[in-house]
Amino acid sequence: MMKITNFVFPKTLEEAQKMLLEYGDRGALISGGTSLTYLKEQKTEKTAINISRLPLREITQNNNEFHIGSLNVISDLRTYSATGWELSKVAKIVSTEQIRNMTTIGGNVSKLFYWSEFPVVFLSLGAKFKTTSKNVDADEFFKSQPFLSYAADEILLSITVPKITKGTGLGFCKDVRTTAGLSTLTVSSYIKLDGDKITFVRIALGGCLTIPVRLKNVEKQLIGKSYNESLCDSVSFDEIESLKLLPKEGMSEDYCRHLVKVNVKDSVSKAVKNAKGESI
Amino acid sequence: MVKNISFLLNGISKNFNVDPNEKLLDVLRKNGYKGTKYGCGEGECGTCTVLLNGKPVYACLLYAFQADGQKIETIEGIGTFENPDKIQKTLVDEGAVQCGYCIPGMVLSAKAMFEEKQTPNEEDIKMHMDGNLCRCTGYVKILSALQKISDENKKGVN
């Protein structure tokens, strides 16, 4: 874990950016701070630039989208309630209540760990990310470790996700050894239906990968098909053969690949039920 | 470098000189608040749970400076031996306390849960208490004690 030798509390976004430039490598941006526990390799002395007091902790909506401030903690996403908001279901099964109260969504998506659920969900939803210097979509944002692509004074401001409206659905699955354990495999599917016909789908995989990926070939095979329970059985999962998976908890890589197929099938099924307004 | 921080601790404004690298758990225990227990030290077990602005957090993961200007509640602020809080009393009455090491954290998590929802169901209780481990594995009685409070709240029993 890094050694914090000083701390500062910027009062404004501009001040925070100035401090990031001023401290450079000697500074560490902190919001919730939970990820620092896992950065055991870093022994360097740092000044913590604590941005937790900046006004970036609200969830707002317009006609089709929700805008999530980067300093919302996971519990904020759990307790938020609005028509078209499905992220509560994901938030309530992330880690433990204490971690949900500490982990900010901005930190969760900026420094990726294999077990992080929300990056997978945001990738499937095609979320949009707004920082102090750019607007990028999820495919671009999750090309690599997001924080490595940040400029020295760049701070994530908000994440925008679509509302789940009639005919659209989100399906989320994760494998864990115990309820509060770290996710070892996460799949999220976002789907649009016309009757039973799948007109649009994005499927993201994580848990067994540090950087989540989309299963684009599986998506292609599903688009235009009418959904039934056996649809995913006829789909080729060739693309996962080329992925270097990181199986956990004693799983073999083969077993992990098998679980990917099972969870894709389940998440698509959940997304379809969600799109049809059926309870999951 | 030692720096001064202040926060509201159990309703009283307190100042502490802290090392920037110190965790809130260490600062609390060093200053006599030993009801906040040291368990795993890595955010797994929940014995160090305190309330930060009314929400349970792991004091072993929270840097002390993160509490600056905030409101912290520890078990010392919840009831007394002579006049225990309803959660404490029910846990004792239901025989839910075995070795007792996890109980301060359990009580604080339960307090936050009842603040959020007066009548949680079994699923709610399990979700809110999922960050607190009982090494004696006495979960059944802990959960049933909390369910009893929920049931009483439903009936309007004080």
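What follows is a conversation about how two chains of a predicted model meet and how some of their elements are named.

Modeller: Local features of this predicted model need pLDDT of at least 70 and side-chain atom pairs count only at pLDDT 80 or more, while totals for chains, interfaces and linings use all residues. Residues are numbered from 1 along each chain as its sequence is written, chains are lettered from A and ligands numbered from 1 in the order in which they are written, and side-chain values use heavy atoms, with hydrogens and water left out.

Biologist: How many residues of chain A and of chain B take part in the contact?

Modeller: Contact means heavy atoms within 4.5 Å, and the contact takes 31 residues from chain A and 31 residues from chain B. The two chains bury about 2,500 Å² between them, 54% of it on carbon and sulfur atoms, where buried area is the accessible area (1.4 Å probe) that two parts lose on being put together, summed over both. Of the area that chain A buries against chain B, Phe7(A), Gln98(A) and Met102(A) supply 26%, more than any other three residues.

Biologist: What makes the pair of Glu123(B) and Lys92(A) a salt bridge?

Modeller: A salt bridge is a side-chain nitrogen of Lys or Arg within 4 Å of a carboxyl oxygen of Asp or Glu. The closest N and O atoms of Glu123(B) and Lys92(A) are 3.3 Å apart, so the pair meets that cut-off. Between chain A and chain B the count is four salt bridges.

Biologist: Why does the span of α10(A) agree with that of a helix of 23 residues?

Modeller: Helices (H or I, at least four residues) and strands (E, at least two) are DSSP runs, numbered from the N terminus, and α10 of chain A covers residues 253-275. Just after α10(A), Gly277(A) takes a positive phi of about 80°.

Biologist: Why are β1(B) and β2(B) called paired strands?

Modeller: Two strands pair if DSSP finds at least two bridges between them; seven bridges join β1(B) (residues 3-9) to β2(B) (residues 12-18), so these antiparallel strands pair. Ile5(B) stands opposite Phe16(B) in β2(B). The two strands form a hairpin with two residues between them, and Asn10(B) in the turn has a positive phi of about 50°.

Methods: The expected span of a helix is 1.5 Å times one less than its number of residues.
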